[in-house]
Amino acid sequence: MTARTAARVHPFALDEVRLGDGSVFARAREQMLHLARVYPVDRLLAVFRANAGLDTRGAAAPGAWEDFGHPNEEPWGERDYPGREAAQTANLLRGHYAGHFLSMLAMAAAGENDPALRAKVSELVAGLAEVQRALAATGRYSHPGFLAAYGEWQFSRLEDFAPYGEIWAPYYTCHKIMAGLLDAWELTGERQALDVATAMGHWVSSRLGRLDDERRQRMWSLYIAGEFGGMNETMARLSVAAGEPLFLETARMFDQRELLSAGAERRDILDGMHANQHLPQLIGYVQEYELTGDRRYLDAAIGIWDQVVPGRMYAHGGTGESELWGPADTVAGDIGHRNAETCATYNLLKLARLLFQHTLEPRYMEYYERGVLNHILGSRRDIASDTSPEVTYMFPVHPGALPEFDNTGTCCGGTGLENHVKYQDTVFFRGDGPDADLWVNLYTDAELDWRDRGLRVRLESGLPFSGTVRLAVGRTDGGTGTVKMALNLRIPGWVIGSATASISGRPVPLDAESGGYATARHDWCPGDVLTLQLPLGLRATGTIDDPRLQSVSFGPSVLVARSESTTTIEAAVARRRMLDGTILADTRRDADGIAADLESTGGVVVAGLRFEPVWIGSVERYHLYVRAADATVGFGGADTGVPARRRADGSTVLDDLWAEPEPRTRAEFLTRALASVRAARRDGLLGGAEACTVLRAALGADLTPDRHVASGTDEERWAAADIAAWIDEPDDIAAPPSVEIVVSPEPSPSGWYTTSPQVEVRATAWDDDAVAAFVEVRIGDGEWRPYRAPVPVEYDGEVRVSARATTASGLTGSASRTLEIDTEPPLTEARVKSLGSGVEISFAASDGVSGVERIQWQGDGTFWATFQEAFVRTLTDHEQVIEYAATDRAGNEEPRRRLVLPLRPAER
C-alpha cells in the first residue's frame, strides 16, 4: 500500500480501548459477551460436520436459517447435482451464522484479552479445518479449498443463473465464513484460520477465473441469488494477509460495473435495489482503492453513500423498505411495515468509518453516532440469553411498530452478533507518526491505552443525557515530562449553541462549530484534564419529503413516542419551538431538567406524549415519527387560542413562521411573524382581530429559556415597532372567508387513503360578515351541492374535492384538495408449471389504482422475500406450503395466500 492510498487516520486495536461500566453501550456488550462465552462450538459446527459426513457429536443446529437442510439433501458437487426438478433442499444459507459467530468470538477475545474466548476461536477454526479436509478427501468438488455446509452445486447453479428459491446467495455465505476466518487470524493470530481462508481463496479464484466477465456481471445482478456480501473486501484483505496478488485480482472479479460507474458518476440507480446486497460491496471498493490506487473505487463508494444518507435514511439511521431502497429523497413516502433491515445499518457503519478515515469529513461520524447509538444499540433487546442474539431483523419505523427481536440464524442475527462486542472500535482514532494526533469521535465512557505513545487517555462522559465530557491524559511509559499532542474533538451537529472547553480550568478556544472537529493543541502533563461542554437540547426534525412528519431527539438520542395507537399520532410541536432550534417539553423549559427526567424516569413528556430513547431495547410499541399539527397558534409554549387554519396544501401561519431557514434571533422572529400574519390575512386564514392577537403574543413570547440569543438589538427594536404600528392600524383587507377542507382519517404513510375518507368543510368569515347558507362542496366532476354535514368520498383513484363559501357581502373563498384513494389490496395469481418431480412457480399481481409495489413469498427454509423471477421447488412426500401476498403502492397488503404443492408422484 502506498502513502497515496493509505487512510489518513487509523483505529486502535480492540484491546487498546475498553468501554467503561458507565457507557451506554455496556449493557448490550455484556449481554452479547455472555452469549459468546456460553454458546457451544459444537452447535455452530453441526451443519458443517453433517454436510461432510462427520460426527455431529449430538449437537443441534442453531436453527431457523442455520439448520441441517432437507433430510434427502446431499452435498452434491457441480457434476452430480440431480437438477432442480429432483433436488430436495432447505436452509440453503446455512454456514453463514457460524462465520458471524467466529467473527464475534475473535472480536470478543481480542477486546477482552480472554483466554477462554481465544480457546473457543481455536476450537471453531479447528473444526472448520477438519471439515475442509473431509470435503477435499471425497474428491467430489472442484478444488480442495472448498468449504461450506452444503455441496458445491449452488455455486455451479449460480453460474447458470439459477434464481433465488433454487439457490440462496452462496457467495454471501462464503463471505461470512472467510470473514470470520480472517478476523480470527488478524485479531487473535490463529494461524490455522489463515491457512483455511487461503485455501478457500484459491478455490474462489479457480471458480471465477474460468468465467468471462459478462457471465460474472449477470451473476452478480441476480436478486438474492447473486448476493455475495463483501467478497471483494474479504479477497482484498486476504491478498494482504496471505501475500497473494492473485486474490486482489479475484476481488476485482466481484466488481459490479453498473454500480461502480453509477456511484462514481453520481447517477442514482438505487430505486428498487436490494440495499444489503450492495452496501457490503462499497466497503470492498474502499479496500480495493487502498490496494490499487484506483480513485473510482472511492468515488463510487462516496457517490452511493450520498444517495443513501440522508435522502433514504430514517431517523434512527436505518434504510430501506422490505430490504429494498425506494425513490431518491424519499423517507416519509417509503414508510411501510418492513423498514430498516439491521444488516444494512451494520454495513453503513462500516462504510462510514472507512470513508471518514480517508476523507476526515465529519458527516460520516455524524451518521456513525446516529446509527450506532439509536439503531444498533436499540437493536439488542434488554435481556440475557444463552441461545439467541436477541437482536432485530427489521427495526421498523411505521406508526405503532414493534421491534423484531430474537433472530437466531438469520442474516441480521449474524451481524447482530458482531455489532455489540466492538463498540470501542471507533471511540478514538490516531494519526500517523511519533507525534500522532488523537481523534475523539464518540463520547462514551472509555479508556485508551496508547501503547505506541506511552499514553493513557480516560474519557468520562455524561452522554447521552449530560453534555459534560472529561478527558484525562496520563503516561504509562514511566515518564514525568510533558507530551505534545493535538486532540481533535468532534463537535456534534446536535450541539445547541456553542461548545466550550478548558484544560485543568484554563479556557481553550475551539476552532469548529457544531458538525465539525475542533483541535486542542497542548503540552500535556500527567494528570491534565480537558473538560468539554456540549450543550444538548430537545429537537423535532422533519423528514426530507414531508417536513410535518417529525422525529424527536435529545442530543444524540432519538426519542420514540409510546402509544398503543397504530396510526400516525399528531402532536402540537410548532408552538413549542424556540429560537435556538429546540422545542419545549411539557413541564421542563431547560435541557438540564429534561435530562433529569430522562435519567430518573426514562422519558420526557412532549405535547402530552411520553417519549423514551429508542436505544433502550424495549419490546413495547413505539412511534419513531409524529405528525406536527397545532390546532391553535402559540409561541414559546403559550397558546393564543387562535385557530391554526390550513391552506389547501396543509400549511398554516406557524409553518410559514418556522420555515427553513428558521429564525435564530428575536429580530428575525418578529420580522417573520409580521410577514407570516400578513400572508395569512391575504389567504383568509386569520381575521383582523385574530391577527392582532397573534402579533401581540409574538411580541411577548419568551423564546430563549436557557440559551443566549441576541436581543435588544436595533434590528429587534425596528421589527417590534413595525408590529406595533400594524396593530395600531391593521390592514383593511376585505378578506374572503376562510375555507378549509378537513379529511379524516389521516392518509397512510404512502400519502394514499386506504380507507374511504370523509370530508368536512370549515368556513369562517371575518369582520362580522356572516357566512350565509352559501357553503358548497363538489366531489370530482360532480355537481356543486350545499354542504350540511361531512361527506364520504366513496371512490378509488385520484379524486379532487372542491369547496366554496360566499359571504352576505358577496366575497367568495374557495379551497380544493386532491385525494389519492385506494381501499382495496392487489390480487395475486400463483402460476404453477409441472416439471415432473418438481414445479416451477411464478406470481403475477394486479392493482388498477395505485399499482403493485411488490409481491412477497415464503416457503420451507426461506424467508419472506420479494419475488423477482420464477423459481423451482422439488415435490416431496409431505405437504409443502408456499405463502404469498402483494402490496400496492398505497400500502394495502393482500392477506397472505397459500399455495399447497402436490406430493411427489409415486415411483412406478
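Student: What does helix 3 reach from its first C-alpha to its last?
Tutor: Helix 3 (residues 96-112) has 17 residues and spans 24 Å, close to the 24 Å expected at 1.5 Å a residue. That expected span is 1.5 Å times one less than the number of residues. Helices here are DSSP runs of H or I with at least four residues, strands are E runs with at least two, and both are numbered from the N terminus.

Student: How are the residues numbered, and what kind of model is it?
Tutor: Numbering starts from 1 along each chain as its sequence is written. This is a predicted model, where local features need pLDDT of at least 70, side-chain atom pairs count only at pLDDT 80 or more, totals for chains, interfaces and linings use all residues, and side-chain values use heavy atoms, with hydrogens and water left out.

Student: Back to helix 3: how many of its residues are buried?
Tutor: 16 of the 17, so helix 3 is largely enclosed by the rest of the structure. Buried means under 20% relative accessible area, exposed is over 50%, and partly exposed is in between, using a 1.4 Å probe and protein chains only.

Student: What follows helix 3?
Tutor: Asparagine 113 does, and its phi is positive, near 50°.

Student: At what angle do helix 1 and helix 3 pack?
Tutor: Helix 1 (residues 26-38) packs on helix 3 at about 115°, with the axes 10 Å apart. That makes the two roughly perpendicular. Angles of 65 to 115 degrees get that label, under 35 is roughly parallel, over 145 roughly antiparallel, and the rest oblique. The axes are lines fitted to C-alpha atoms, for helices over the stretch in contact, and angles run from 0 to 180 degrees between N-to-C directions.

Student: Which residues meet there?
Tutor: Arg29, Met32, Leu33, Leu35, Ala36 and Arg37 of helix 1 meet Phe101, Met104, Leu105, Ala108 and Glu112 of helix 3. Contact means heavy atoms within 4.5 Å. By class, this one has 8 nonpolar, no polar and 3 charged residues. Ala, Val, Leu, Ile, Met, Phe, Trp, Tyr, Cys and Pro count as nonpolar, Asp, Glu, Lys and Arg as charged, and the others, Gly among them, as polar.

Student: How about helix 10 and helix 12: where do they touch, and at what angle do they cross?
Tutor: The axes of helix 10 (residues 245-252) and helix 12 (residues 275-292) come within 11 Å and cross at roughly 135°, and the pair is therefore oblique. Leu248, Ala251 and Arg252 of helix 10 make the contact with Glu288, Leu291 and Thr292 of helix 12. Those residues divide into 3 nonpolar, 1 polar and 2 charged.

Student: New topic. Is serine 205 buried or exposed?
Tutor: Buried, at 7% relative accessibility. Serine 205 sits in helix 7 (residues 191-209). Setting aside neighbours within four places in sequence, serine 205 contacts Met235, Leu246, Phe247 and Thr250.

Student: And where is alanine 332?
Tutor: In the loop between helix 13 (295-308) and helix 14 (342-359). Alanine 332 counts as buried too, at 5% relative accessibility. Not counting residues up to four places away in sequence, alanine 332 touches Thr543, Asp545, Asp546, Leu549 and Pro749.

Student: Last one: what does threonine 866 contact?
Tutor: Beyond its neighbours within four places in sequence, threonine 866 contacts Tyr223, Ser322, Leu324, Arg854, Ile855 and Gln856. Threonine 866 lies in strand 32 (residues 865-866) and is buried, with a relative accessible area of 5%.
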